[in-house]
Amino acid sequence: MRTFIIGSKELSCIILDTLIGAGHEVVGVYSRDTEPGMLVWRNMGHRSLAQEAEEMNVPVHHNMKVNSEASINLLTSLNLDVVYSCFWSEIFKQPILDIPKL
């Protein structure tokens, strides 16, 4: 399945690892790892989704507003089956929810 992860903190890295390990195609991630408030989590031992994705050659998108036109255009262009969200600070509006097939 073609998947995309929108997230932060350790659980988003576990989702990435699990999807890759199960043979799914992760075509990108949105990461909040560069935001100042996220540093406390890194200091507590949480991995960086951005860093983990980059090491797996998965495209990383920073500073994206999930409901923005740019986000809608990007996610629509990727022909996604599923979008996973974990520890994201925005409520997804209907246009985003309508993008993945599942």
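A residue is called buried when its relative accessible area is under 20%, exposed when that area is over 50%, and partly exposed in between, with a 1.4 Å probe and only protein chains considered. The views below show a predicted model, in which local features need pLDDT of at least 70 and side-chain atom pairs count only at pLDDT 80 or more, whereas totals for chains, interfaces and linings use all residues. Residues are numbered from 1 along each chain as its sequence is written, and side-chain values use heavy atoms, with hydrogens and water left out.

View 1. The C-alpha atoms fill a box of roughly 35 × 30 × 20 Å along the principal axes. Of the 102 residues, 41% are buried.

**View 2. I96 in helix α5 and the residues around it.** Helix α5 covers residues 94-97, and I96 within this helix is buried because its relative accessible area is 4%. If neighbours within four places in sequence are set aside, I96 is in contact (heavy atoms within 4.5 Å) with V66, N67, S71, I72 and L75. G21, by comparison, lies 75 residues from I96 in sequence and 26 Å from it in space, C-alpha to C-alpha.

**View 3. S71 in helix α4.** Helix α4 spans residues 69-77, and S71 counts as buried because its relative accessibility is 0%. Not counting residues up to four places away in sequence, S71 touches Y30, M64, K65, V66 and I96.

**View 4. A cluster of F4, Y30 and W88, linked by ring pairs.** Rings of Phe, Tyr and Trp (its six-membered ring) pair if their centres lie within 6.5 Å, and planes under 30 degrees apart count as stacked, over 60 as edge-to-face and the rest as tilted. By this rule there are 2 aromatic pairs. The rings of F4 and Y30 have centres 4.9 Å apart and planes at 80°, so this pair is edge-to-face. This pair links distant parts of the chain, with F4 in strand β1 (residues 2-7) and Y30 in strand β2 (residues 25-31), 26 residues apart. Y30 and W88 form a tilted pair, 6.3 Å centre to centre with 40° between the planes. W88 lies in the loop between β4 (82-86) and α5, 58 residues from Y30, and W88 is buried because its relative accessible area is 14%.

Technical notes
Helix = DSSP H or I, 4+ residues; strand = E, 2+ residues; numbered from the N terminus.
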